[in-house]
Amino acid sequence: MLFNKPPSPVRSRPDAGHEVRPRPVGPRPNGPDTPLMEPAALSRALRHAAWRDPRAERKKFTEVYSAVRTLERTAAYVDQALERLSEVAEALRIGQTTEHDLMRGLQAARIEELLDSLERLSKMAANGGLNLLNGESESLYLDFGHEAFRYVLPPFDLRRGPKGLNIPQMKDGFDNSSEIHAISQAVALAQVRVGQFAARLSHDAGMLVRMAKTYEADISVEGDIGASQERAD
């Protein structure tokens, strides 16, 4: 379930006579090393928030952007998993239409290697003690904003075992047609499930960034008002 809570209303500065709007958000970055927010922008937001509780505000911004970075890093490994599953589906197709026993054996070995790589990807996705691609890991929790918004993302089990994608092993190569059919169906279902999780990661990362930018605009307005009141006093 997605927590689509609308951002806090945009308020206008009493002295400027115009609305403060958050900056537009671009598309999801392609990899885990793509910066999501320039350090200068984050520092500016923290300076504006300093009049309230610097430690609390810094913690909020640190947590939300750390969560977004975790989503982006996880998405990079999910994209790799989708590529592996696509290669498995193609190898299954080729193996079933190949008559040469040696080539069929090579395709069967390639399929098993690609499916086993899902286990390695699920381990590589660990980030600071949190792994969203291991079903035995904890969920990602984030309390954000002054309205006590809670964001929760349960882990997705990327492993091929029964608790994860449930893709059976190829025991008889391409000699057992019913076994090949079961593997093909499991791979097709896994592609759908992994693709849906990838879409949620992209959606949630964008949602959290928009919330952070809206909150940045809010505290900037409140900071300016507080500074004006201090000067007046």
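Tutor: Start with one pair. Being four residues apart in helix α4, Arg200 and Asp204 are separated by about one helical turn. Helices here are DSSP runs of H or I with at least four residues, strands are E runs of at least two, and both are numbered from the N terminus.

Student: What do Arg200 and Asp204 form?
Tutor: A salt bridge, with the closest N and O atoms 3.0 Å apart. The term means a side-chain nitrogen of Lys or Arg within 4 Å of a carboxyl oxygen of Asp or Glu.

Student: Are Arg200 and Asp204 buried or exposed?
Tutor: Both are buried. Buried means under 20% relative accessible area, exposed means over 50%, and partly exposed is in between (1.4 Å probe, protein chains only).

Student: What kind of model is this, and how are residues numbered?
Tutor: It is a predicted model: local features need pLDDT of at least 70, side-chain atom pairs count only at pLDDT 80 or more, and totals for chains, interfaces and linings use all residues. Residues are numbered from 1 along each chain as its sequence is written, and side-chain values use heavy atoms, with hydrogens and water left out.

Student: Back to salt bridges. How many does the structure hold?
Tutor: Seven. One of them joins Glu112 and Arg160, with the closest N and O atoms 3.1 Å apart. That pair links distant parts of the chain: Glu112 is in helix α3, Arg160 is in the loop between β2 and α4, and they are 48 residues apart.

Student: Is that pair, Glu112 and Arg160, buried or exposed?
Tutor: Glu112 is buried, and Arg160 is too.

Student: And what about Glu90 and Arg93?
Tutor: Their side chains meet in a salt bridge at 2.6 Å, N to O. They sit three residues apart in helix α2, so about one helical turn separates them. Glu90 is partly exposed at 37% relative accessibility. Arg93 is partly exposed as well, at 46%.

Student: New topic. How many residues are in the largest nonpolar core?
Tutor: It has 49 residues. Such a core is a set of buried Ala, Val, Leu, Ile, Met, Phe, Trp, Tyr and Cys residues joined through side-chain atoms within 4.5 Å. Leu71, Leu92, Ile167 and Leu208 have the most contacts inside it.

Student: Which elements each supply at least two residues of this core?
Tutor: α2 (54–97), α3 (101–124), β1 (140–144), β2 (149–153) and α4 (177–232). The largest share, 15 residues, comes from α4.

Student: What does Leu92 touch?
Tutor: Ile111, Met170, Phe174, Ile180, Ile183, Ser184 and Val187, not counting residues up to four places away in sequence. Contact means heavy atoms within 4.5 Å.

Student: Where is Thr74 found?
Tutor: In helix α2. Thr74 counts as buried, at 1% relative accessibility. Leaving out residues up to four places away in sequence, Thr74 touches Leu132, Leu133, Phe197 and Leu201.

Student: How many aromatic pairs does a search of the whole structure find?
Tutor: One. Phe156 and Phe197 are stacked, 4.9 Å centre to centre with 20 degrees between the planes. Rings of Phe, Tyr and Trp (its six-membered ring) pair if their centres lie within 6.5 Å; planes under 30 degrees apart count as stacked, over 60 as edge-to-face and the rest as tilted.

Student: Where do Phe156 and Phe197 sit?
Tutor: Phe156 is in the loop between β2 and α4, and Phe197 is in helix α4, 41 residues apart. Phe156 is buried at 10% relative accessible area, and Phe197 is buried at 8%.
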